[in-house]
Amino acid sequence: MGRRNRTKQKKIKYCDYSLFFLVIFLLGFGLVMLYSVSAYGANEKYGDPLHYLRRQGLAVALGLAAMIVISKIDYHVWIHFGNLAYLLAFGLCAVVLIPGIGNEAKGSSRWLPLGPLSFQPSELAKLAMILFLSGLVCRIPKQIGKFMNLMKVMLMIVPIFVIVAYENLSTGIIIMGIAVVITFVASPKFGQFIAMVVVGVVGGGALFIMAAGYRMKRIKAWLHPEEFTTDTAFQTIQGLYAIGSGGLFGKGLGQSMQKLGFVPEAQNDMIFSIICEELGLFGAVCVILLFLLMIWRMMVIANNAADLYGALIVSGIMAHIAIQVILNISVVTNTIPNTGITLPFISYGGTSTSFLLAEMGLALSVSRGIRLEGSSHD
């Protein structure tokens with residue numbers, strides 16, 4: 001009696017290691033560039049060339065631990081904490097505005113002191129928005145297609161947008177962008193989203209520009225930088241000098257001149273200009289390609305997610321990364337007016353890096369929920 005071959009389908013567990021290794025590579029590259037950019041300034045200011053690297057290294061270590069732990073937790077657990085995360089983020093963003101509590105920098109109060117460290121609540125607000133809105137939309141997937149229901153959902157995120165944008169307009173734009181992308185994924189109706197974006201950008205932008213005089217000054221400096229060479233446009237112009245002097249392949253790692261006090265706080269928002277100076281156009285294009293690969297991997301995860309909730313979470317994370325990269329590079333190249341926004345995984349910023357890695361853990365958790373069809377023969 002011959003042996004009969006039987007083919008059966010089985011579920012193959014999946015995890016997106018491509019995304020994981022992209023994150024690790026960007027973190028490693030970011031630490032190398034951070035040391036290169038910040039060593040001179042840290043030695044001048046603190047007498048320790050490793051000052052910024054140590055602090056960023058601690059944030060990276062904490063963030064990686066959080067990423068690994070979160071990636072192993074079923075992401076459906078977080079649907080129960082979306083509302084709490086929203087309320088907590090709103091409360092902390094409100095507290096930081098109280099005079100005498102929040103730490104101020106460049107005229108804005110954005111950080112809460114935690115002993116020798118500081119915490120930026122607006123970074124929590126980005127993650128809270130992803131969890132809150134993904135859970136909310138997931139509960140009413142059919143109703144979100146109606147314009148009035150869509151407006152009700154968007155109105156729910158206005159409070160946290162306003163309180164964040166009051167002191168940090170660029171972060172407010174990211175939060176609003178996350179909300180638009182998540183709702184668009186749930187109900188891709190182009191007409192109502194175009195109308196909403198136009199009204200939001202024109203109306204909201206004009207309101208917040210008028211609310212703070214320095215924002216109008218930044219727009220004038222963007223349009224006529226030659227008139228503000230020693231004031232508002234100084235950082236931007238020095239950054240453009242760095243980009244222009246880098247050429248095709250750059251001056252070499254560690255060889256930047258602009259980081260020697262010419263570009264203020266080069267390790268923060270303007271680190272991309274030093275990348276261009278030291279690694280040239282080639283290095284800048286490679287960095288952009290890495291971010292494009294990361295966004296592509298998140299698109300793959302979102303398209304293959306086990307359910308709508310997972311797809312919305314990853315779409316929100318993807319929107320966060322994409323918008324922040326676009327804003328940072330646009331500011332550095334003077335494509336848009338100067339606004340404080342960091343380059344993900346590369347710029348100095350402990351709170352930002354830690355929460356970005358927590359978001360990557362969420363994306364990896366969703367990828368673990370993907371089941372591939374495989375076959376085996378008995």
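How are α1 and α12 oriented relative to each other, roughly parallel or roughly antiparallel? Good morning. Before I answer, please note that the structure shown here is a predicted model.

Let us take the two helices. Helix α1 covers residues 17-46 and helix α12 covers residues 350-368. They pack at an angle of about 165°, and their axes are 10 Å apart. Angles over 145 degrees count as roughly antiparallel, and α1 and α12 are therefore roughly antiparallel to each other. Their crossing is left-handed.

I turn next to the salt bridges, of which the model has five.

The side chains of E277 and K251 form another salt bridge, at 2.9 Å from N to O. E277 belongs to helix α10, while K251 sits in the loop between α9 and α10, so this pair ties together parts that are 26 residues apart in sequence. E277 is buried, with a relative accessible area of 1%, whereas K251 is partly exposed, at 36%.

A nonpolar patch of about 780 Å² is formed by eight residues, namely L248, F249, L281, F282, V285, I288, L289 and L292. Among them, I288 lies in helix α10 and is partly exposed, with a relative accessible area of 33%.

Thank you for your attention.

Conventions. Residues numbered from 1 in each chain as written. Predicted model: local features only at pLDDT ≥ 70, side-chain atom pairs only at ≥ 80, totals over all residues. Heavy atoms only, no water. Patch = residues over 30% accessible without salt bridge, like charges linked within 9 Å, V, L, I, M, F, W, Y side chains within 5 Å. Areas by Shrake-Rupley, 256 points an atom, 1.4 Å probe, with all protein chains shown as cover. Salt bridge = Lys/Arg side-chain N within 4 Å of Asp/Glu carboxyl O. Helix = DSSP H or I, 4+ residues; strand = E, 2+ residues; numbered from the N terminus. Buried < 20%, exposed > 50% of the residue type's maximum accessible area, 1.4 Å probe, protein only. Axes fitted to C-alpha atoms, helices over the stretch in contact; angles between N-to-C directions. Parallel < 35°, antiparallel > 145°, perpendicular 65-115°, else oblique. Left-handed = near helix turned anticlockwise from the far one by under 90°.
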